[in-house]
Amino acid sequence: MTINCNYNQKEIMIIGSIILAAFAFSSSMSIAIKTCDRKPVGFLTPKSTNPHPFRVVFKGNSEFYTPGMTYTILLQGIKTISTITPSFSSFILMVEAEENQNYDEENHDMITGKFQLTGDVRTKISEICPNTVTQTSLIPKSEIQVFWTAPASGSGCVIFKATIVEYRDIWYMDDDQLNKKICEESNESNDENANVVYECCACHEAKFELTFEGLWSRHTHPKDYPDDNWQTRFSDVIGASHTIDYRFWEPDQVSSEGMNTIAQSGITSTLESELKSKSDKIRTIIKARGISYPNVTGKTFAVFRVDQEHHLISVISFMHPSPDWFVGISGLELCLPNCNWITNKTINLYPWDAGIDSGVTYNSTDMPQVPRMTIKRVLVANANDAHSPFYDPTGALMKPIAKLHLMRQRLYEKSCIEEESKTESSICETSAWSDWDECSATCGKGFSNRYRQYKNPEDNHKPYCSKRSMIQRKGCYVLPSCLIENEETDMIDPKCDVTDFGQWSDCSAECGPGVSARFRTILNEDVSPKHCLSRMNLQQTVKCETKTCPDDHDNTDLDVICSNCSLTHWSFWSPCNTKCGFGQRERHRFNLNRTAMVEECDIRCYTQTINCTDNPPCENNMQMEDILLFGNNFMLKKYNVTVQRSLINNVNEKQMLCNKTDTNKTTTASSSENTSITPVTINPDDVSEDSTEKCLLSNWSKFSACNAICGLGSKERTRTILSPTDPMEQKKCRKKLVDRRNCRGRQCGKCNYSQWSEWSLCSALCGMNAVQQRTRVPENPSWTWCKDRIEHRICSALACKSD
């Protein structure tokens, strides 16, 4: 069979014209996609820089978009006089990617999303510029609207840009009103609930529905997923709506006995009893049935109520099998600053380590952590052990384990007038609240009080005045966390290199028995503290006695004096209370018997104080910003000393506020008579523009490199709160400290796999839930983007016999 390839001259000319036209169209499209002139055609006058009444409006969320969602975009004139609505004759509306890449050549799609017409006859898609909307006629119009479908995840920020022609020679372009930047919404875990409203002003009570949705599966988290997947489950969801000064779990705190019980057996009754014992702090105990195989990726529900006093919620659910991993939120704020309640919220949940067990895999044998470590977030960056199911050498973004959906169902109308006013007359008048006193703790979590009193002392004894509260309490936190002291045997680990122990302190008692201590510090700031603290002591404490006291009672051993008291273990020694010169450290313990009187135990049973031996002399001219910005490694090289985080608490926050007109101006905080404080210098250029007098922020760091080798990943930049330094006060800084953006790595290579393995045995001997599985691996194990590694099928098993 032969093909006739003989064409006449006319046919050749026609084919050539078609090819040339197609090439010209392709070239013009390629150029148009990259550049498009937004200046009105035929205008010789420059754009006007005068104020104007036109703007681009993004209906819905004003700052973020959800990938794939469709939104309404408006171009409108704003009334300046009650009887006149500004109008425009022509316009150009386009959307561009922030990073100047509007077209994804790999997927042949617009990274900027797509416009769609709403049926408005005054609008059309431009024939000149792709993905651009313009007018159909020059008839004056005060508003137009179009639909815009957001791009796929990972497209980053887009900018809507409009050109407006108001009159014949007056037109506007490229100002804040006609350029609107919208970024992809980042639905992150509630790591730090910085938006706490300390005094909720919502009058009404609200009822919410909580939906817990499991996402944990072999497809989302394939690495070392349990082979006995029929045992995978989430424990019952349990939590509470509560006051601002209460948390039943918190990052960097030791988990309770109730959480320990859930981790070991999945039983929530102990934790529920702990919640009930705090009934004065709790509005509703939240409970939802756990979800288990084959419905691990299903949903479970609960309802709860919140009010003006109980406007935060905390919930948890443990993963099984796992050492002690759980998902949850702590102190999520539902009250808004505008005196309303949120309508809905979705939160991605990621794994947390309860610090109870030191296992690193799903099916690790029980390895109790002694002493218990504090609760820490399980991060890809911190999963240093290659056996961890969350370990990823590429640093790719971890997928969420579960999701939490909150939906407001209804409001219960309440009067803003305090209930106490119904029973109290005006004669029960009180003074204004005093200032908050100092935190009750010297490390970790404590509380602070403030007081008021009746103006007429006789009102104290009147029954109708008794409902008024004369004291208020709130939570506070002092760094570092209080850890339980435990004697451990050092185990050499190259990752946990430490400094040599410093000198022994003087004896804590001038006469009679006391204690002396010495300290050292971990040099490697990148290693997980949990990894090292379980292997070595950073503090050593021994008994000492310098001389005998004149009073025999003072010579009695402290263990004997305190033997009848029910006390906690001693906390770790606090950091030195000064950064140079003379200073002191303290350690504390508390009475476990709350009903007992403090006087039953000698005061020495609760607190011990030693002097600091590792402080440099103050004449070294050590600057506080060295500690804040560079950390231990820098301090060791420059001053041959180590520091701890709470050192910055010794500087009054007023020192952090500098005069922006004088770069070198310093302020010195007053201190105690025996404490020398070195002046703190802060460069105003290092302070973020959106800082306030009460919340001083550093500038944003540069964005990190994309953490994905190929495909979708993320990058981030960070900043820190320079002032205040009190963690509880820092929560009032309603500022974002981590800015995460989606990004794309190079194009992922084609996935080539090994042959499928043989089918496994059935997961059960009988029943409809018996399954088999087989697996395969990519040719290159580092190809983490190759996810199609496992297949399941139903076994042909007989029905199980009924009893």
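Strands here are DSSP runs of E with at least two residues, helices are runs of H or I with at least four, and both are numbered from the N terminus. This is a predicted model, where local features need pLDDT of at least 70, side-chain atom pairs count only at pLDDT 80 or more, and totals for chains, interfaces and linings use all residues. Residues are numbered from 1 along each chain as its sequence is written, and side-chain values use heavy atoms, with hydrogens and water left out.

Start by selecting Asn449, in strand β25 (residues 444-451). Asn449 counts as buried because its relative accessibility is 7%; buried means under 20% relative accessible area, exposed over 50%, and partly exposed in between, using a 1.4 Å probe and protein chains only. Beyond its neighbours within four places in sequence, Asn449 has contacts that include Asp435, Trp436 and Arg473 (contact means heavy atoms within 4.5 Å).

Next, pick Asn229, in the loop between β14 (205-214) and β15 (233-234). Asn229 is buried too, at 7% relative accessibility.

Two prolines come next. From Tyr293, step to Pro294: that peptide bond is cis, with omega near 5°. Then show Pro321, whose C-alpha is 9.2 Å from that of Asn229, though they sit 92 residues apart along the chain. The His320 to Pro321 peptide bond is cis, with omega near 0°.

Last stop: Asp174, in the loop between β12 (171-173) and β13 (179-184). Its phi is positive, near 55°, and Asp174 isn't a glycine.
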